[in-house]
Amino acid sequence: MHEAGLMEEALRAAEQAAREAGAERIHRLRLRIGRLSGVEPEALRLAFEALRPGTIAEHAHLDLEIAPVLCRCRRCHVEFAPEDFVFLCPRCGIPSAEVLRGLELELLAVEAS
Ligand SMILES: [Zn+2]
């Protein structure tokens, strides 16, 4: 499962950040998932449930933020949020857009003490 590996990586990064801050417990983790990242939020939650026992994030909350897609037209450079998965420029109507946002998986914040 793709999400298990991603969650493991995110958890390791969070633990490292917490330890560097001198904290012993992680209370909250916040991740941002792009709508086009291919990551299933439910699968990510399940992976978190499976991985957290025995870690300093054992009792942590997992907040998932779904990031919308943002595109830029390659011809007129207007930026727009597509309604669905056809990225038509609202100004020139051509389906050729560069995806600026929506592909990411980011660890946004770690609350620890
Ligand atoms: Zn355009």
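Strands (E, at least two residues) and helices (H or I, at least four) are DSSP runs, numbered from the N terminus. The model is a predicted one, in which local features need pLDDT of at least 70 and side-chain atom pairs count only at pLDDT 80 or more, while totals for chains, interfaces and linings use all residues. Residue numbers start from 1 along each chain as its sequence is written.

Strand S3 belongs to an open sheet of three strands, in the order S4-S3-S5 and with antiparallel pairing. Strand S4 (79–80) and strand S5 (97–101) are at the edges with a single partner strand each, so one side of each has no neighbour in the sheet. Two strands are taken to pair if DSSP finds at least two bridges between them. S3 (residues 70–73) is joined to S5 by four bridges; Cys 71 has Val 99 as its bridge partner in S5, and Cys 73 has Ala 97. On the S4 side there are two bridges, and Arg 72 is partnered there by Glu 79. A hairpin is formed by S3 and S4, with five residues between them, and His 77 in the turn has a positive phi of about 65°.

Turning to helix H1, its 19 residues should span 27 Å at 1.5 Å a residue, and the end C-alpha atoms, 28 Å apart, agree with this. The expected span is 1.5 Å times one less than the number of residues. Buried in H1 are Glu 3, Met 7, Ala 10, Leu 11, Ala 14 and Ala 18. These residues cover an arc of only 100° around the axis, which puts them on the same side of H1; the arc is that of the directions from the helix axis to the C-beta atoms. The face turned away from this buried side carries the exposed residues His 2, Gly 5, Glu 9, Gln 16 and Glu 20. Just after H1, Gly 22 has a positive phi of about 80°.

The buried residues of H1 pack against S1, H2 and S6, contact meaning that C-beta atoms, placed from the backbone, lie within 7 Å. S1, H2 and S2 build a right-handed β-α-β unit, in which, with the strands pointing away from the viewer, the path from the first strand over the helix to the second runs clockwise. S1 runs parallel to strand S2 (residues 61–67), and seven bridges join the two. Glu 65 is the bridge partner of Arg 32 in S2.

What of the nonpolar cores? In the largest, which has 17 residues, Met 7, Ala 14, Ile 26, Leu 29, Ala 57 and Val 110 touch the most other members. Such a core is a set of buried Ala, Val, Leu, Ile, Met, Phe, Trp, Tyr and Cys residues joined through C-beta atoms within 7 Å. Helix H1 (2–20), strand S1 (26–34), helix H2 (41–51) and strand S6 (105–112) each give two or more residues to this core, and H1 supplies the largest share, five residues. A second, separate core of five residues includes Val 69, Cys 71, Cys 73 and Ala 97.

Terms used: Buried ≥ 20, exposed ≤ 12 C-beta atoms within 10 Å, placed from the backbone. Contact = placed C-beta atoms within 7 Å.
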